[in-house]
Amino acid sequence: MADAMLPLYFRKINMDLLITSYCHLHDNKVIVNDRLFFYQENILKFADFIKSVYKQENVNYPKFYKMDPISKVGFLAAELVLKQTTIEGYHPEKVGVVLSNSSSSLDTDIAHNETIKNRSSYFPSPSVFVYTLPNIVIGEICIKNKIKGENVFLISETFNGKLLCDYVNELFINERVEACLCGWVEVMGNNCNALMVLVEHAGRKQNEGVPGFKFLPFNAENLNLIITLN
Amino acid sequence: MDELINQLKKEVIEQLNLEEISPDDINPDSPLFGEGLGLDSIDALELIVLLEKNYGIKIQDPKDGKKVFHSIRTMAEYITEHKK
Amino acid sequence: MKPVCIVNDNIITSLGFTTAENIAAIKNGTIGIRTVDDPDLYPSPVQLSLIETDQLFSKFAEVLQHYKKVSPAASFTRLEKMFIISIYDALKGQPMIAGNPRTLLVISTTKGNINLLENRHRTTFSHKRLYLWELGRMIQTFFGFVNTPLIISNACISGVVALMTASRFLQSGAYDHAVVAGGDIASEFVISGFQSFQALSPAPCKPFDLNRTGLSLGEGCGTMVLTAIPEKNEEPCITIAGAATSNDANHISGPSRTGQELSNAINEAMKQASLDPAAIDYISTHGTATLFNDEMESKAIELCSLLEVPVNSFKGYWGHTLGAAGLIESIAAISSLKDNILYRSAGFETLGVQAPLNVISAIRKDQINICLKTASGFGGCNAAIIFQKD
């Protein structure tokens, strides 16, 4: 994005947006608001890792098992972010979801392609095909949390905190959202990296946070910090 | 018939990713849709694929699906009737 | 806020390679959807709207002549060729916009170069080309866009979201110009998937009709050039007056049973444009011709008190073009604004939705100043955008 953004930059300062809760899943590890929620060495398979996190999180949601890897990761990250806070005070239409990744739904695309590779066993599966769009994870998060506001899925080669901030800032400036989940949900084979944050207006936030975690100003630097430090 | 019913239970659990449900949890006469297993429209389409893939049976008219997929037993009966 | 003006546009579908060619075909009532029997696309015959390959190649060769330093034609995929031809045509007269550091390129696609997963393409193109950002980079490099393209992949509302996003970034002052392009190809990947959903119609699709039996897939590409700093002589200016998205929070594939959430997006777009329902002259709907989509849309239109407004769906002409749909259907709607002509909703004969929609059954002249475009898609997403003639 161009750097000539002076008007937006000024408004950004006035907006005073905060990261009021975050979750980072990466390398068999789950961090929620600076605290280690889950870690286990030597899990080699993504499926085993994400199932262990689901079990530990103790959310009873059988549909979880039907989801594709990206949806599983995004869903659990959103659950963990929202467990420590609440969005119930917001109107469902005023809560947004802005997610991004590098490979779109390629991991599941390959799975669907497997079902149509051979003409002798040609059985495309609707429950696989439906996940061959990156924004289905947004749908899953919205269904679970009754979120009905602005939603978009963006693609960038690598994590782009500035892109997310610019997009989410515009939503707040135009009064399209009062709270917004935003982040990065990337899964390819057994590798996954997901960051989910809840962004709220400093003056209108719904909770005072958990001990030991200080709200962070919502900006690209802090997003980059969370995704690289943890 | 009982053998087919047990086999079908396992196949439905696998095909529909009903991870936390065991074959014993499914009553062969209980409705598959509505309450209970929490199945939806995608699951219904997936059951059509299951019949085709595992038994070579094609449901031509989607409206037949409602009767066929009422319960595990109605599925078993349909398979017995239509298997080549 | 600065008004965002539409400077130029292009549509590529089975009906032609320019907006003018497509609109002329629609005027004549030409349907681009036909029975295609091609084992590379599906094991049995299927209804599709396809871009003619020989013509695509010769148009691309023409474009290449103006870009002599670029790699040979064979090094571009089918979709990349479509994007390049479309953007080239839309930039005619103002090619310098591409190299301007104050220009944003926005790409909308659902599946990108998904056909490269097929074995027969594996040796020709690198695996990297499956990534949507690499598709974006190919287009960026070809034209010399300065900024990294913004890539939106949000199911069937992608095209409308791309226009909305570009318009917001232009209004904020972040950029002066935006080139918004959307495209998707017909592929075995997508056809087999929709077939497994039993969503494909055995005959050309019939949006809102009593006898509709599902959607028809199509391939297409569209480009809109937007500016926040219009030149004085660019009149009459058509602007983006408001836009919004929403989510059903109901089901990942089935649309809302009430239409409430799409109506929320429409109401929000009208609010941003400071318009009440009576001001809307025409609605270009999503109108896929599946049972549930058309029913949901009609309910949303009723909830917004827009039942009297003439509506159509362009999908009866060129099918559902996925990531291109929001763009090319917006461009077609804008041509209605420019020419004051309402186009027939192809495939429609008898009303087949509960709410009494005013579906356009014959082409006619009408004064059109303000038009609404809607879209909905998998994942429960909805979008609405309003175009206004000053």
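Chain C has twelve helices and 16 strands. Its radius of gyration is 19 Å, close to the 21 Å that the globule rule gives for 390 residues, so chain C is as compact as a globular protein of that length. Keep in mind that this is a predicted model.

**Chain C overall**

- Taken along the principal axes, the box filled by the C-alpha atoms of chain C is roughly 55 × 55 × 40 Å.
- Some 68% of the 390 residues of chain C count as buried.
- Look at contacts in chain C between residues at least 6 apart in sequence, and 77% of them join residues at least 24 apart.

**Where chain A meets chain B**

- Chain A puts 13 residues into the contact and chain B puts in 15 residues.
- Together the two chains bury about 1200 Å², with 54% of that on carbon and sulfur atoms.
- On the chain A side, Tyr65(A), Lys66(A) and Phe123(A) supply 51% of the area buried against chain B, more than any other three residues.
- Seven residue pairs are in polar contact across this interface, both residues being at pLDDT 80 or more.
- Helix H2 (46-57) and helix H5 (126-129) of chain A each bring at least two residues to the side that touches chain B, and H2(A) gives the most, with three residues.
- By type, that side of chain A splits into six nonpolar, three polar and four charged residues.

**Salt bridges between A and B**

- Chains A and B share four salt bridges.
- One of them pairs Asp40(B) with Lys63(A), at 3.2 Å from N to O.
- Another pairs Asp43(B) with Lys66(A), the closest N and O atoms being 2.8 Å apart.
- Asp43(B) sits in helix H2 (residues 41-55) of chain B and Lys66(A) in the loop between H2 and helix H3 (69-83) of chain A, so this pair joins two chains.
- Both Asp43(B) and Lys66(A) are buried.

**Salt bridges elsewhere**

- Over all chains, the structure holds 28 salt bridges.
- Within chain A, Glu114(A) pairs with Lys117(A) at 3.1 Å between the closest N and O atoms; Glu114(A) counts as partly exposed at 44% relative accessibility, and Lys117(A) counts as partly exposed at 41%.
- In chain C, Glu329(C) pairs with Lys315(C), with the closest N and O atoms 3.0 Å apart.
- That pair links distant parts of the chain, with Glu329(C) in helix H12 (residues 325-339) and Lys315(C) in helix H11 (residues 315-318), 14 residues apart.
- Glu329(C) is buried at a relative accessible area of 0%, and Lys315(C) is buried at 0%.
- Salt bridges with shared partners tie Glu150(A), Arg176(A), Arg168(C), Glu268(C) and Lys271(C) into one network.

Terms used. Residues are numbered from 1 along each chain as its sequence is written. Chains are lettered from A and ligands numbered from 1 in the order in which they are written. This is a predicted model: local features need pLDDT of at least 70, side-chain atom pairs count only at pLDDT 80 or more; totals for chains, interfaces and linings use all residues. Side-chain values use heavy atoms; hydrogens and water are left out. Contact means heavy atoms within 4.5 Å. Buried area is the accessible area (1.4 Å probe) that two parts lose on being put together, summed over both. A salt bridge is a side-chain nitrogen of Lys or Arg within 4 Å of a carboxyl oxygen of Asp or Glu. A polar contact is a pair of N or O atoms within 3.5 Å; within protein, one must be able to donate a hydrogen and the other to accept it, and residues adjacent in sequence count only if both atoms are side-chain atoms. Helices (H or I, at least four residues) and strands (E, at least two) are DSSP runs, numbered from the N terminus. Ala, Val, Leu, Ile, Met, Phe, Trp, Tyr, Cys and Pro count as nonpolar, Asp, Glu, Lys and Arg as charged, and the others, Gly among them, as polar. The radius of gyration is taken over C-alpha atoms; the globule rule is 2.2 Å times the number of residues to the power 0.38. Buried means under 20% relative accessible area, exposed over 50%, partly exposed in between (1.4 Å probe, protein chains only).
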